[in-house]
Amino acid sequence: MTASSSLADLLYAAVTAVGGSERPGQVTMAEAIAEAIDDNAHLLVQAGTGTGKSLGYLVPALAHGERVVVATATLALQRQLVERDLPRTVDALHPLLRRRPQFAMLKGRSNYLCLHRLHEGVPQEEEEGLFDPFEAAAPSSKLGKDLLRLRDWSDETETGDRDDLTPGVSDRAWSQVSVTSRECLGASKCAYGAECFAEAARERAKLADVVVTNHALLAIDAIEGAPVLPSHEVLIVDEAHELVSRVTGVATGELTPGQVNRAVRRAAKLVDEKAADALQTAAESFERLMELALPGRLEEIPEDLGYALMALRDASRTVISAIGDTRDRSVQDEDAVRKQALAAVESIHGVAERIVEGSEYDVVWYERHDRFGASLRVAPLSVSGLLREKLFNERSVVLTSATLKIGGDFNGVGASLGLAPEGIEGDDLPQWKGVDVGSPFDYPKQGILYVAKHLSQPGREGSRSDMLDELTELMEAAGGRTLGLFSSMRAAQAAAEELRGRLDLPILLQGEETLGELIRTFAADARTCLFGTLSLWQGVDVPGVNCQLVVMDRVPFPRPDDPLMSARQKAVEEAGGNGFMAVAATHAALLMAQGAGRLVRASGDRGVVAVLDPRLATARYGSFLRATMPDFWYTTDRNQARRSLAAIDAAAKAAEK
């Protein structure tokens with residue numbers, strides 16, 4: 001690794017190339033990461049908004065010289081790294097490093113166009129042989145237009161990456177031209193293997209010095225044991241506050257009647273009648289049970305569900321064994337049909353067996369969706385052991401985010417990642433340290449944290465008329481410019497409906513248009529307001545005068561009936577800990593820190609974060625939550641909040657003139 005002075009030269013060159021200016025926090029971050037890489041150590045870095053953390057980790061990663069994997073949570077940051085930050089940084093460092101590091105992006109297989117499926121059709125259980133979506137979809141329909149555009153695009157694209165297709169297509173259309181890793185025939189067996197986009201992406205990754213991927217693929221690489229990512233000495237996890245939830249998502253299994261019935265239909269032609277009938281009977285029993293399923297956790301598997309799952313497991317196992325031996329002359333392109341059927345049945349078998357075996361480390365529950373009906377889900381009680389074993393072995397790991405210190409230290413996030421408290425030694429405990437490099441923003445001067453202490457405490461249900469009155473007054477004072485962050489979609493919809501009747505301001509609501517389009521419209525007009533839920537708490541970057549009021553309707557604790565969160569909370573309590581603080585309060589603190597971070601995105605931004613939940617001021621855990629948020633000037637004075645918003649609005653209007 002380069003000496004410190006040399007690293008400073010590299011960072012200066014990279015920052016200059018992107019038209020930025022060096023920040024003390026960025027320098028501290030780069031030096032700490034370079035040291036961790038040299039020492040093969042683990043590091044948690046909290047780098048506030050505006051630090052320039054992408055360059056803070058890319059420069060020491062590129063200078064290192066060995067392969068580095070960078071995993072991010074969001075598509076937007078992946079694209080920013082590969083299309084903007086990495087090309088500029090490599091160009092800037094080339095004269096100093098005297099080499100040109102290569103970089104590549106790698107995603108899961110289903111993100112790439114499958115030429116076999118595009119040209120040969122989709123194995124379809126209801127029809128003879130193959131189903132050609134291009135023939136079946138009316139050319140004038142939305143699906144038909146999407147598919148025709150995909151066929152044209154396949155001749156032009158160099159990557160086959162869904163995210164390079166602009167504008168995008170529906171999930172339904174994309175599913176007709178893509179395969180999962182389980183459905184893939186494999187390059188050696190596929191007629192299009194030599195041209196395969198997913199295989200080409202893997203080959204590029206093998207040759208690259210920096211591989212940019214996402215948390216989900218990182219989790220698959222860790223959990224499934226079959227390496228997807230090329231070998232690497234250094235792993236950098238950006239947006240690391242998201243990692244536990246993404247890994248949990250990958251490790252979660254699901255069974256639905258629709259999914260089971262599709263597996264039955266796909267396998268029916270490939271096995272003898274006895275095996276097919278057994279799977280069909282098991283599927284019907286499972287479907288009858290699911291019609292009566294009530295949402296909630298299953299601390300013990302009911303006897304009737306246990307029998308149904310054992311029947312599904314055993315019938316699936318028989319079908320999996322039989323599929324390889326049976327041939328049906330009416331089935332064309334049998335390899336593709338068999339592969340899709342196997343993937344579907346193996347998924348059913350895996351989840352059914354996992355639930356039947358009943359690990360004490362799993363949580364099982366029913367969910368019911370208005371549109372999709374009931375599902376049976378199973379997820380790990382904790383992924384900390386998995387992460388400790390799979391993530392921190394044989395490589396240096398750097399985790400970074402604007403939000404890693406919860407309640408003032410790194411130990412809460414560290415524990416969720418399987419790390420012991422900082423400084424604790426042990427043979428099987430990964431050693432790590434945490435560094436907070438701060439933010440270049442002057443939070444006490446740029447923002448106000450206003451807590452509406454006078455409001456009634458939010459209950460589980462029912463209208464909050466005093467909260468809506470308060471919100472109306474704040475939005476009027478701000479002249480619009482409001483991002484409303486709500487703890488549920490129902491609350492966001494109710495507020496939008498009510499305030500559209502009260503205020504002469506355009507109010508956009510999440511779900512009424514694509515998220516990207518909503519954010520573009522919000523950013524373009526000062527009077528426009530945007531209301532929504534979870535993805536807005538973390539996904540909005542609108543610097544400037546058009547976002548000067550960020551409102552949170554309540555402290556975003558997980559729902560008391562959330563099966564996984566409540567199970568995790570109970571487990572902490574049974575181990576002698578404080579389950580509420582370790583799970584519910586930590587979850588809320590992360591979200592509130594992310595939500596409050598939407599306000600100040602540039603050095604000239606000014607505004608107010610208004611929390612319309614008095615518990616942030618009055619409850620004992622309030623100080624814990626506030627310690628995680630940016631260090632804004634704090635007040636519970638409603639008149640002060642309104643006067644400040646009106647002054648900021650007046651200044652913005654004067655500047656516009």
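How many bridges join strand β7 to β12, and in which sense do the two strands run? The legends below, all for a predicted model, will take you there, starting with that very pair.

**View 1. Strand β12 and its two partners.** Strand β7, which covers residues 234–237, is joined to β12 by four bridges, and the two run parallel. To find your place in this pairing, look for Ile-236, which stands opposite Val-398 in β12. Now turn to strand β1, made of residues 42–46: β1 also pairs with β12 in the parallel sense, over four bridges. Here Leu-43 is the residue to look for, as Leu-43 stands opposite Val-398 in β12.

**View 2. How strand β12 is enclosed.** Is strand β12 buried or exposed? Six of the six residues in β12 (residues 396–401) are buried, so the strand is largely enclosed by the rest of the structure. You can check this one face at a time. On one side sit Ser-396, Val-398 and Thr-400, and on the other sit Val-397, Leu-399 and Ser-401; both faces are covered, with all of these residues buried.

**View 3. Two helices that cross.** Two packed helices are described by the angle between their axes and the distance between the axes. Helix α11 (residues 243–250) and helix α16 (residues 384–391) have axes that come within 11 Å and cross at roughly 100°. Angles of 65 to 115 degrees count as roughly perpendicular, so α11 is roughly perpendicular to α16. Which residues make the contact? From α11 come Leu-243, Val-244 and Val-247, while α16 brings Leu-386, Leu-387 and Leu-391. Sorted by class, this contact of α11 with α16 has six nonpolar residues, no polar ones and no charged ones.

**View 4. A sheet of seven strands.** Follow the strands of this open sheet in the order β16-β17-β15-β18-β19-β14-β20; their pairing is parallel. At the edges are β16 (507–509) and β20 (633–635), each of which pairs on one side only. On average, neighbouring strands of this sheet are turned by 15° against each other, with direction ignored. For a closer look at one pair, pick strand β15 (residues 482–485) and strand β18 (residues 549–552), which pair in the parallel sense over four bridges. Within that pair, Thr-482 stands opposite Leu-549 in β18.

**View 5. Helices packed on the sheet.** Helix α20 (residues 489–502) packs on the sheet and touches β16 and β17 (529–532). The direction of α20 makes about 155° with that of β16. Helix α24 (residues 579–596) packs on the sheet too, touching β15, β18 and β19 (607–611). Its direction makes about 160° with that of β18.

**View 6. Around Gly-447.** This glycine is found in strand β14, which spans residues 447–451. Gly-447 has a relative accessible area of 3%; buried means under 20%, so Gly-447 is buried. Which residues is Gly-447 in contact with, leaving aside neighbours within four places in sequence? They are Leu-599, Gly-607, Phe-632 and Trp-633. Although Gly-447 and Gly-607 are 160 residues apart along the chain, their C-alpha atoms are separated by 5.0 Å.

**View 7. Where to read with care.** The mean pLDDT of the protein chain is 88, with 94% of its residues reaching 70 or more. Over residues 1–5, however, the pLDDT is below 50, and this stretch has 10 contacts in the model beyond near neighbours in sequence. Residues 125–131 also stay under 50, and the model has 23 contacts for them beyond four places in sequence. Where pLDDT is low, the predicted coordinates should not be read in detail.

Conventions: Residues are numbered from 1 along each chain as its sequence is written. This is a predicted model: local features need pLDDT of at least 70, side-chain atom pairs count only at pLDDT 80 or more; totals for chains, interfaces and linings use all residues. Side-chain values use heavy atoms; hydrogens and water are left out. pLDDT is the predictor's confidence in each residue, from 0 to 100. Contact means heavy atoms within 4.5 Å. Axes are lines fitted to C-alpha atoms, for helices over the stretch in contact, and angles run from 0 to 180 degrees between N-to-C directions. Angles under 35 degrees count as roughly parallel, over 145 as roughly antiparallel, 65 to 115 as roughly perpendicular and the rest as oblique. Ala, Val, Leu, Ile, Met, Phe, Trp, Tyr, Cys and Pro count as nonpolar, Asp, Glu, Lys and Arg as charged, and the others, Gly among them, as polar. Buried means under 20% relative accessible area, exposed over 50%, partly exposed in between (1.4 Å probe, protein chains only). Two strands pair if DSSP finds at least two bridges between them.
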